[in-house]
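Subject: Structure handover and notes

Hello,

Here is the structure I said I would pass on. Please look through it first; my notes follow below.

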Amino acid sequence: MHGLPELIDPFDRQISYLRVSVTDRCDFRCTYCMSENMVFLPKRDLLTLEELDRLCSIFIGLGVKKLRVTGGEPLVRRGIMGFFDNISRHLTDGLEELTITTNGSQLARFAEELARIGVRRVNVSLDTLDADKFASITRWGRLNQVMQGIEAAHGAGIRVKLNTVALKGFNENELFSLVEWCAVRDMDITFIEVMPMGEIGSQDRLQSYWPLTELRARLEEKLTLVDSAESTGGPARYARVTETGQRIGFITPLSHKFCESCNRVRLTCTGELFMCLGQEDKADLRAVLRNHPQDAAPVEAAIRAAIARKPEGHDFDYSRRRVSGRMSRHMSHTGG
Ligand code: SAM
Ligand code: SF4
């Protein structure tokens, strides 16, 4: 026996949120996320969907209440709907929310099924409403496809929140149109500061870094924002817009620390567990999982040992003007 089932880290934070990157592959190549010629992991390194299910189920047994499936693009992994279907059995035994972060390209195909399985909310990443700009930032994406995906999700009764990376010189001039586009569709929107994750080729993230303090000040020139204590269990801080009633989230890993309330860990598609998005430390759960195919206890012990090493916080720092490659892995590896 291991005492309490919960996972508590050394700073007394209960780990109740698991983000699972089910693939490092993607049908887009967003310029801030990937280089044009990404080298992906060999298939043999990936956990099978059955292994992912087993590992996620163990986490749920240890008190994880929210599971977010991400990637890469999660909906391009073959058989992923079977994974959703299976893991949704836990929605009746401890798991409170099963959700997904997606680029939306495949949502039109899968929205109905996701809704049937019990997915109530999805995050769709969208940085611009302009088709040409969309094509340039995603390199391979088509805006129309994402719009159809969002429509399909709404049609299936799934709430959609937009995730928008704030990019200086790119979507500054769309700030109000993005917020309004969401308001008329009763959608929340969260802005994210660009993070120094992985080499992306010639792009300089420092140049496109748009601090959300500035973005918010710009919003407040026209709108009334009232800070809200509401949380969706993630790192965003929210404000309500008095004029529209919608929520605007701000994920500011760089200009503010959000670590003190961190309740989450990240599992990659190869079974690495990252205790902090902004630190290199990780635990290899694949080996223990494969060495003990019938016995959950050693896997639980490995998870607990990893949680015992969860750091107090990250140390991303743009002020040193060394951003690109500060964290060697890409966001698509850990899943954002
Ligand atoms: N492909 C899915 C998507 O785009 O939503 C899921 C994975 S993606 C890595 C998750 C989120 O990370 C997206 O909202 C994306 O915009 C964001 N992201 C990727 N690279 C980033 C970076 N360097 N800084 C900040 N956000 C980033
Ligand atoms: Fe793919 Fe998402 Fe990264 Fe864009 S942000 S390249 S959609 S993983």
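Of the 336 residues in the protein chain, 57% are buried. Please keep in mind that this is a predicted model. The chain holds 11 helices and 12 strands. Taking contacts between residues at least 6 apart in sequence, 73% join residues that are at least 24 apart.

The sheet

The strands form an open sheet of 12, in the order S7-S8-S9-S6-S5-S4-S3-S2-S1-S10-S11-S12, and the pairing is mixed. The edges are taken by S7 (225-228) and S12 (282-284), each of which has a single partner strand, so one side of each is left without a neighbour in the sheet. On average, neighbouring strands are turned by 25° against each other, ignoring direction.

How many of the residues of strand S3 are buried? In S3, residues 97-102, the count is 6 of the 6, so the strand is largely enclosed by the rest of the structure. Glu97, Thr99 and Thr101 point one way from S3, while Leu98, Ile100 and Thr102 point the other way; all are buried.

S3 pairs with S2 (residues 66-70) in the parallel sense, over 4 bridges. Leu67 has Leu98 in S3 as its bridge partner. With helix H2 (residues 80-87), the strands S2 and S3 make a right-handed β-α-β unit.

S3 also runs parallel to S4 (residues 121-125), and 3 bridges join the two. Here Thr102 stands opposite Val124 in S4. Another right-handed β-α-β unit is made by S3, helix H3 (residues 107-117) and S4.

Other strand pairs

S1 (residues 17-21) pairs with S10 (residues 264-267) over 4 bridges in the parallel sense. In this pair, Leu18 stands opposite Val265 in S10.

Val241 in S8 is the bridge partner of Leu225. S8 and S9 are likewise antiparallel, with 4 bridges, and Arg240 has Arg247 in S9 as its bridge partner. The hairpin of S8 and S9 has 5 residues between the strands, and in that hairpin Gly245 takes a positive phi near 80°.

Helix H6

Two packed helices are described by the angle between their axes and the distance between the axes. The axes of H6 and H8 (residues 212-219) come within 10 Å and cross at roughly 70°. That makes H6 roughly perpendicular to H8. Which residues meet there? From H6 they are Leu175, Phe176 and Val179, and from H8 they are Leu215, Arg218 and Leu219. Sorted by class, the contact of H6 with H8 has 5 nonpolar residues, no polar ones and 1 charged.

Single residues in loops

Asp127 lies in the loop between S4 and helix H4 (131-138). Is Asp127 buried or exposed? Its relative accessibility is 5%, so Asp127 counts as buried, the cut-off being under 20%. Asp127 and Thr164 are 37 residues apart along the chain, yet their C-alpha atoms are separated by 4.7 Å. Leaving aside neighbours within four places in sequence, the residues in contact with Asp127 are Tyr32, Ile137, Asn163, Thr164, Val165, Phe170, Asn171 and Leu178.

Most residues other than glycine have a negative phi. Arg139 is not a glycine, but has a positive phi of about 60°. Arg139 is found in the loop between H4 and helix H5 (143-155), and is partly exposed, with a relative accessible area of 24%. Asp186 is likewise a residue other than glycine with a positive phi, in this case near 55°. Asp186 is found in the loop between H6 and S6. At 55% relative accessibility, Asp186 counts as exposed, since the cut-off for that class is over 50%.

Regards

Technical notes
Residues are numbered from 1 along each chain as its sequence is written. Chains are lettered from A and ligands numbered from 1 in the order in which they are written. This is a predicted model: local features need pLDDT of at least 70, side-chain atom pairs count only at pLDDT 80 or more; totals for chains, interfaces and linings use all residues. Side-chain values use heavy atoms; hydrogens and water are left out. Buried means under 20% relative accessible area, exposed over 50%, partly exposed in between (1.4 Å probe, protein chains only). Two strands pair if DSSP finds at least two bridges between them. A crossover is right-handed if, with the strands pointing away from the viewer, the path from the first strand over the helix to the second runs clockwise. Axes are lines fitted to C-alpha atoms, for helices over the stretch in contact, and angles run from 0 to 180 degrees between N-to-C directions. Angles under 35 degrees count as roughly parallel, over 145 as roughly antiparallel, 65 to 115 as roughly perpendicular and the rest as oblique. Contact means heavy atoms within 4.5 Å. Ala, Val, Leu, Ile, Met, Phe, Trp, Tyr, Cys and Pro count as nonpolar, Asp, Glu, Lys and Arg as charged, and the others, Gly among them, as polar.
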